[in-house]
Amino acid sequence: VPMVAPGNVQVHVINSTLAKVHWDPVPLKTIRGHLQGYKVYYWKVQSLSRRSRRHVEKKILTFRGNKTFGMLPGLEPYSSYKLNVRVVNGKGEGPASPDKVFKTPEGVPSSPSFLKITNPTLDSLTLEWGSPTHPNGVLTSYILKFQPINNTHELGPLVEIRIPANESSLILKNLNYSTRYKFYFNAQTSVGSGSQITEEAVTIMDE
C-alpha cells in the first residue's frame, strides 16, 4: 500500500452545503504501485444549532487519477465537519492526512414543524407552532401572513406580522366574525426565509 499521506490539505467552504478540498499530490515513488486516485473521508462532528451528539457516519468520495482537488456536495448548513485525504493504489489506501476541521455557514431553515389554530372566538384565533426540525442556523424570527377568504373564494388584503424567534404561540385579535382566514407561516435565519406552511381557520359566527 502507499507509504505517505497527501500533504497541505486545504478546505475552501463555498456555501452552506458545498466545500472544495485541495491537497498536494504524493511523490510517485511513495505510491509503490499504480496510482488509482485519492479518497476524501469526511464526517459531521456536530450541528452548531443543536448540541446533540449522534452516531457519526463517515462519507467517502473517490477522485480518480492524479487529481489534486475535489468538491464535497450535500453538506448540512451550520455544522462542523472533519475530513482527511488518502492516496489509493491497486493494493489499497495509504495513511490518512491529519484531520482538517471546517464549518459550514448558516442556511435557511426548514418549515416550522407544525402550525395549529385553536380557540376560535368571534374576533380571535390562537396559533401554536413548533420550531423547524432543521433550523440550519440561528432563528431570528417567524413571519406570519394571513388574509380573509370571502364566500366566492377571493382573497382579501394580506397582513404580515414578525414574531420573535423564542415565541411558540400567538393570540390574533380584532378579526372579523364568521370569517375564514388563510395563514402562511415560516421561520427565518440571518440568511433568509425558509419554506412556509399554510393553514386555514374560521372565527365563530356568534356566541
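A salt bridge here is a side-chain nitrogen of Lys or Arg within 4 Å of a carboxyl oxygen of Asp or Glu. Between domain 1 and domain 2 of this predicted model, the count of such salt bridges is zero. The model's local features need pLDDT of at least 70 and side-chain atom pairs count only at pLDDT 80 or more, while totals for chains, interfaces and linings use all residues. Residues are numbered from 1 along each chain as its sequence is written, and side-chain values use heavy atoms, with hydrogens and water left out.

Let's stay with the two domains for a moment. Domain 1 covers 7–104 and domain 2 covers 112–202, with bounds that come from an automatic or database domain assignment. Their centres, taken over C-alpha atoms, sit 42 Å apart. Four residues from domain 1 and seven residues from domain 2 take part in the contact, where contact means heavy atoms within 4.5 Å. The area buried between the domains is about 420 Å², and carbon and sulfur atoms give 51% of that; buried area is the accessible area (1.4 Å probe) that two parts lose on being put together, summed over both. On the domain 1 side, Arg-50, Pro-77 and Tyr-78 supply 78% of the area buried against domain 2, more than any other three residues.

Now for the strands. Helices (H or I, at least four residues) and strands (E, at least two) are DSSP runs, numbered from the N terminus. Strand E1 (residues 7–15) runs antiparallel to E2 and is joined to it by six bridges, with a two-residue hairpin between them; two strands pair if DSSP finds at least two bridges between them. Val-13 has Ala-19 as its bridge partner in E2. E2 also pairs with strand E5 (residues 69–72), again antiparallel, over four bridges, and here Val-21 partners Gly-70. Strand E2 (residues 18–24) has Ala-19, Val-21 and Trp-23 on its covered face, with Leu-18, Lys-20, His-22 and Asp-24 on the uncovered one.

Further along, Leu-172 is in strand E12 (residues 169–172). Leu-172 counts as buried at 5% relative accessibility, the scale being buried under 20% relative accessible area, exposed over 50% and partly exposed in between (1.4 Å probe, protein chains only). Beyond its neighbours within four places in sequence, Leu-172 contacts residues including Asp-123, Leu-144, Phe-146 and Phe-183. Asp-123 is 49 residues away along the chain, yet the two C-alpha atoms are separated by 8.3 Å.

What about the charged pairs? The salt-bridge rule gives seven in total. One of them joins Glu-93 and Lys-39 (3.1 Å, N to O). That pair links the loop between strand E6 (79–89) and strand E7 (100–103) to strand E3 (residues 35–47), 54 residues apart. Arg-180 and Glu-200 form another, with their closest N and O atoms 3.2 Å apart. Here strand E13 is linked to strand E14 (residues 197–202), across 20 residues. Salt bridges with shared partners also join Lys-39, Arg-86 and Glu-93 into one network.
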